[in-house]
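Have the sequence and the 3D view open while reading.

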Amino acid sequence: MEQRADRFTALSRRIWEIAEISFEEYQSSELLASELRGAGFQIKTNIGGMPTAFIASWGSGKPVIAILGEYDALPGLRQDAIPEKRPIGMLGSGHGCGHNLLGTASAFAAITIKEHLQASALKGTIRFYGCPAEENGSGKVHLGRAGVFDDCHVALTWHPDDRNEPGVKTTLANVGGYFRFRGTAAHAARAPEKGRSALDAVMLMSHAVEMLREHVPAETRIHFFVANGGSAENVVPEFSELRLIVRHPDAPTLDGIWKRILKCAEAGALATETTLELEISGSLANVLPNDTLAALSSANMRSVGGVLYDAAETEFAQKLRALLPQEGLPDLNIAARVQPVQEGVTFWSTDVGDVSWRIPTGEIRAATFVPGVAPHTWQSTACAGMGIGQKGMLVAAKTIALTGIDLFLQPVLVDEARKSFDRRRNGRSYVSKLPPDAKPRVKFPPK
Ligand SMILES: [Zn+2]
Ligand SMILES: [Zn+2]
């Protein structure tokens, strides 16, 4: 893998430069698919009604091991690969979550595993899942509903972070909605009594949500913005829209909070004599950790080692860190270390969660961002386009390749992973709050 590192580093940099957002990843998915095709994988595209989803498969029979890859960017995060804020162009998209590294490392691991299977005549099937729209589209929820994980035994994946962590942490389950209020327009001075303000409903709802915030469990996260607040000061707003996401690590607890959010919305409509329409825009499960896969990944990550900066990368890291709040800044050399396997919650959400309730899933984190740099920032975008991110990507690719090969060499580990899955699930099943008939919000390329 070390000998071919340059090829995959260059591939990750091309995807970083293209930076296509959710459901627009036409070039990025094709770059990864063609790399896998060239390595001998069979490619199926347009999965689950998503043109930028694909599955690359090699081998036959059991076990079937899935490696998950993402490649979507974020709007508004375009940034040069330098340690100072300098957007390339205005309001362009950028790889602030490092998915250019994520997809490339996963493809590199899948290709390496395939070559090992071929050389050692081991039985089984290795697949790469090209998963679109992680950021804004619940791509893996739609893939799961298409049934493409049903014959898989284990899924392996990773995520860029500021540390190397083969842990058993969970994430936040979430649900988001577009709350649309409709009232009656009127001249705001001549006949205000004839108007019923949709914006008033949004303001009352948001106030009720702020009151609610005190009375929910501490791990809850609620965030919203007003997507439409009217169109003119002198017109009573006929239409107004609030977009909100609520998160909690435990899905049943989240269900209860969600019901109370709906009451806040209904209260806004009731008080203002407007009507409310709700569209659930997305919903993700928390990650169900897997002890077997975490232990295996931990051993492999330790043999791979962490990320070692050269002199130029150290200087880059120091410049970036000088711009961050210094309070609570982690040690610079955590990038070089591997964290122990530890329970806990990472306060973000991922559609890997929905896969993890279907099949045993191992997700690791690798130090692609300078310690202290959070994802979804210009700093993380910069890291994902240069040596630091690329070195972290190789730690992830090597760890996943070793872990995948272990599963093929010792199929008993696949059974163990299943037992851990059943133990953690403990009879619970997860039902997504995304309506069963919800379609992926795909975008077709201009003709
Ligand atoms: Zn993200
Ligand atoms: Zn991400």
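## The largest cavity

The lining of the largest cavity has eight nonpolar, five polar and four charged residues. In this count Ala, Val, Leu, Ile, Met, Phe, Trp, Tyr, Cys and Pro are nonpolar, Asp, Glu, Lys and Arg are charged, and the others, Gly among them, are polar. The model is a predicted one: local features need pLDDT of at least 70, side-chain atom pairs count only at pLDDT 80 or more, and totals for chains, interfaces and linings use all residues. Residues are numbered from 1 along each chain as its sequence is written, chains are lettered from A and ligands numbered from 1 in the order in which they are written, and side-chain values use heavy atoms, with hydrogens and water left out.

The largest cavity holds about 140 Å³ of space. Its lining consists of 17 residues, and those nearest its centre are Gly167, Val168, Lys169, Glu363 and Ile364. Helix H7 (291–304) and strand E10 (361–367) each give at least two residues to this lining, and E10 gives the largest share, five residues. Helices (H or I, at least four residues) and strands (E, at least two) are DSSP runs, numbered from the N terminus.

## How spaces are found

Rolling a probe the size of a water molecule over the atoms shows where empty space is left. The search uses a 1 Å grid over the protein atoms alone: a cavity is a set of points where a 1.4 Å probe fits but cannot get out, while a pocket is an open set with protein on both sides within 12 Å along at least five of seven lines; lining residues have an atom within 4 Å of a point. Grid points are joined across faces, edges and corners, and a volume is the space filled by probe spheres set on the points.

## The second largest cavity

How many cavities of 30 Å³ or more does the structure hold? There are two.

At least two lining residues each come from strand E5 (154–161), E10 and helix H11 (387–409). H11 contributes the most, three residues. By class, the lining of the second largest cavity has three nonpolar and five polar residues, and no charged ones.

The largest pocket has a volume of about 1,300 Å³. Of its 45 lining residues, Glu135, Asn136, Asn174, Ile245 and Arg247 lie nearest the centre. Strands E6 (173–182), E7 (221–228), E8 (239–248) and E9 (275–284) are the elements that give two or more residues to this lining, and the largest share, six residues, comes from E9. The classes are 20 nonpolar, 16 polar and nine charged residues.

Donors are N, O and S atoms within 2.8 Å of the metal (3.2 Å for Na, K and Ca); water is not among the atoms, so sites may look incomplete.

The zinc ion (ligand 2) is coordinated by Cys97 (SG), His99 (NE2) and His159 (NE2), at 2.0 to 2.3 Å. Cys97 coordinates both zinc ions, which are 3.1 Å apart. With a relative accessible area of 8%, Cys97 is buried (under 20%; exposed is over 50%, and partly exposed in between, with a 1.4 Å probe and protein chains only). His99 is buried too.
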